[in-house]
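The stops below are meant to be followed in order, one selection at a time.

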Amino acid sequence: MTVSYERRDAVAVVTMNRPEYRNAQNSAMTYALDEAFTRAVNDAEVKVIVLAGAGDHFSAGHDIGSPGRDVDQSFERKAVLWWDHVGREGGDLRFAREMEVYLGMCRRWREIPKPMIAMVQGACVAGGLMLAWVCDLIVAAEDAFFADPVVRMGIPGVEYFAHPWVLGPRAAKEVLFTGDRFSAQRAYEWGMVSRVVPRSSLETAAFELAGRISAMPQFGLALAKKAVNQSEDLMGMRSGMDSVFGLHHLAHAHNAEVSPDALAGMDARSMKKASS
């Protein structure tokens with residue numbers, strides 16, 4: 001089971017459950033997350049959703065090398081109306097898959113009409129950032145660290161390009177230009193993280209916050225969330241993501257022409273080593 005689900009009073013807890021791979025996100029996990037979020041939305045008793053990662057790390061990002069990597073498998077598409085990537089080639093394949101599984105799913109989850117809290121410990125890297133960023137609030141343990149190192153592949157950031165909005169332009173450039181890790185405290189200073197707490201207090205702090213939010217009227221919460229999201233989009237977030245998604249795929253195409261593959265020959269191990 002790549003994702004587990006439980007109810008704690010008015011709080012739905014959705015937990016990524018591939019701890020042996022630092023919760024790397026394959027397609028199976030993506031669609032299991034979507035199923036869990038849909039279940040929480042359809043449960044009238046659920047007021048808040050907490051997204052967690054089992055084990056020592058929240059998420060190491062997209063699965064680019066585990067035995068469970070399922071890039072060649074078909075799933076029932078939910079995020080965009082487009083053809084299946086399986087059986088396609090080149091940019092056609094990559095564009096179709098990433099538009100659905102990465103950008104499309106993250107946009108779908110951002111619009112969930114119930115407040116979402118990411119409960120982050122350990123690594124939250126690349127695609128892991130995307131999973132945290134679709135949440136409305138982030139409660140981080142002191143040992144949490146964040147990074148988007150994909151510029152090492154020649155790619156200008158992950159597919160859900162929220163960097164300028166969640167970090168601010170200067171911090172976004174620093175994170176992208178260096179590929180360096182940044183701490184939970186630094187993320188808090190930049191306004192990306194809501195609270196930083198000791199690892200031993202992470203669950204308590206996240207559920208205390210969820211409890212306070214769950215005391216508010218459900219429809220009011222949904223409208224408040226939509227109001228902020230609409231304001232972000234009026235500041236260019238959605239159109240900005242569209243434009244950067246094109247640059248992202250230009251980078252993949254360039255890599256495919258001048259290097260061994262669309263990832264510039266890098267894998268999970270080399271990315272981890274370069275980011276350490």
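This is a predicted model: local features need pLDDT of at least 70, side-chain atom pairs count only at pLDDT 80 or more; totals for chains, interfaces and linings use all residues.

The structure holds seven aromatic pairs, where rings of Phe, Tyr and Trp (its six-membered ring) are taken as paired if their centres lie within 6.5 Å, planes under 30 degrees apart counting as stacked, over 60 as edge-to-face and the rest as tilted. Select Phe-95 and Phe-245 to begin with: their ring centres are 5.5 Å apart and their planes stand at 45°, so the pair is tilted. This pair links distant parts of the chain, with Phe-95 in helix α2 and Phe-245 in helix α9, 150 residues apart; helices (H or I, at least four residues) and strands (E, at least two) are DSSP runs, numbered from the N terminus. Phe-95 is partly exposed at 29% relative accessibility, whereas Phe-245 is buried at 5%; buried means under 20% relative accessible area, exposed over 50% and partly exposed in between, with a 1.4 Å probe and protein chains only. A second pair to display is Phe-182 with Trp-190, which is tilted because the planes meet at 55°, the ring centres being 5.2 Å apart. Phe-182 is buried, with a relative accessible area of 6%.

Residues are numbered from 1 along each chain as its sequence is written, and side-chain values use heavy atoms, with hydrogens and water left out.

Next, select helix α9, residues 237-258. The 22 residues of α9 should span 32 Å at 1.5 Å a residue, and the end C-alpha atoms are 31 Å apart, which agrees; the expected span is 1.5 Å times one less than the number of residues. Which residues of α9 are buried? They are Met-237, Gly-240, Met-241, Val-244, Phe-245, His-248, His-249, Ala-251, His-252 and Asn-255. To see what covers these buried residues, show the elements around them, which include α2, α4 (163-166) and α8.

A search of the whole structure finds 14 salt bridges, each defined as a side-chain nitrogen of Lys or Arg within 4 Å of a carboxyl oxygen of Asp or Glu. One of them joins Asp-242 to Arg-107, with the closest N and O atoms 2.9 Å apart. Here too distant parts of the chain are linked, as Asp-242 belongs to α9 and Arg-107 to helix α2 (residues 90-110), 135 residues apart. Asp-242 counts as partly exposed at 43% relative accessibility, and Arg-107 as buried at 14%.

Move on to Arg-110, which is buried at 8% relative accessibility. The side chains of Arg-110 and Asp-233 meet in a salt bridge of 3.3 Å, N to O, and this pair connects helix α2 with helix α8 (residues 218-234) across 123 residues. Asp-233 is partly exposed, with a relative accessible area of 27%. Arg-110 also forms a salt bridge with Glu-111, the closest N and O atoms being 3.3 Å apart, and Glu-111 is partly exposed at 37%.

Now select Asp-63, in the loop between β3 (48-53) and α2. Is this residue buried or exposed? Asp-63 counts as buried, at 4% relative accessibility. The side chain of Asp-63 makes a polar contact with the side chain of Ser-66 at 2.5 Å, and a polar atom of the Asp-63 side chain lies 3.1 Å from the backbone nitrogen of Gly-65. A polar contact is a pair of N or O atoms within 3.5 Å; within protein, one must be able to donate a hydrogen and the other to accept it, and residues adjacent in sequence count only if both atoms are side-chain atoms. Leaving aside residues up to four places away in sequence, Asp-63 touches Arg-18, Ala-24, Gln-25, Asn-26, Gly-68 and Arg-69, contact meaning heavy atoms within 4.5 Å.

The last stop concerns the cysteines. The structure holds zero disulfides, a disulfide being a pair of cysteine sulfur atoms within 2.5 Å. For Cys-124, the nearest cysteine sulfur is that of Cys-135, 9.4 Å away. Cys-124 is buried, with a relative accessible area of 0%, and Cys-135 is buried with 7%.
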